[in-house]
Amino acid sequence: MSDMTPIQLLRDIALRCRTQAAGLPEQQEVRETWSGIGFRLVDHYFVAAMDEITEILNVPSVTRLPNVKPWVQGVSNVRGRLIPLIDLDLLFETPSQESMRNRRILVIEQHDQIDGLIVDSVEGMQYFPVDDFSGDVPALPDTIKPFVRGHYVRDNQIWTVISMGDLYEHDIFQEVAV
């Protein structure tokens, strides 16, 4: 044993512990994120705010309606509720090459009205750093631009932020009769 007093021994142990201790892991910068539901129309990727999409469905059987524009596919009974089904590709004049059974429906509810928007595919939840948002409208067909709020870019893929509320309120969406 050494000539150290118990207090000196404890201080020596504490000093050795501090000098040999592994450092704390580096703190990663926390970035605020924006999230939405991603979907695809032809070759364009979109994202809609989480609170604008109430449900995602497979395309159910559809009852056609007379005297409506071609982008209104008809109505479908979903759990006892009749939901109009709107083909977004046809509405935006960008016809899809996907078969109807491979496509999906995004259900939106606005002012007690429920609508099903047929899209080519659903790309799941998407998360983007808020400060990566650009208010610029990317290169898109003119028919889509009135509903675009901006975009994010991730892995060289442009994700266009689309407002379902703006779409619902627009005359083109409300005027379904021919």
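Modeller: Before we start, two strands count as paired if DSSP finds at least two bridges between them, and strands are DSSP E runs of at least two residues, helices H or I runs of at least four, numbered from the N terminus. This is a predicted model, so local features need pLDDT of at least 70 and side-chain atom pairs 80 or more, while totals for chains, interfaces and linings use all residues. Residues are numbered from 1 along each chain as its sequence is written, and side-chain values use heavy atoms, without hydrogens and water.

Colleague: Nice. In what order do the five strands of the open sheet run?

Modeller: The order is 8-1-2-10-9, with mixed pairing.

Colleague: And which are the edge strands?

Modeller: Strand 8 (121-129) and strand 9 (148-154), each pairing on one side only.

Colleague: How many bridges join strand 1 and strand 2?

Modeller: Six, in the antiparallel sense. Ile 37 stands opposite Ala 48 in strand 2.

Colleague: Switching topic, what does Leu 88 touch?

Modeller: Beyond its neighbours within four places in sequence, Leu 88 is in contact (heavy atoms within 4.5 Å) with Phe 39, Leu 41, Leu 117, Ile 118, Val 119 and Leu 167.

Colleague: Last one: which residues line the largest pocket?

Modeller: Among them are Leu 65, Pro 84, Asp 115, Tyr 168 and Phe 173. Strand 5 (81-87), strand 7 and helix 4 (171-174) each give two or more residues to that lining. A pocket here is an open set of points on a 1 Å grid over the protein atoms alone where a 1.4 Å probe fits, with protein on both sides within 12 Å along at least five of seven lines; lining residues have an atom within 4 Å of a point.
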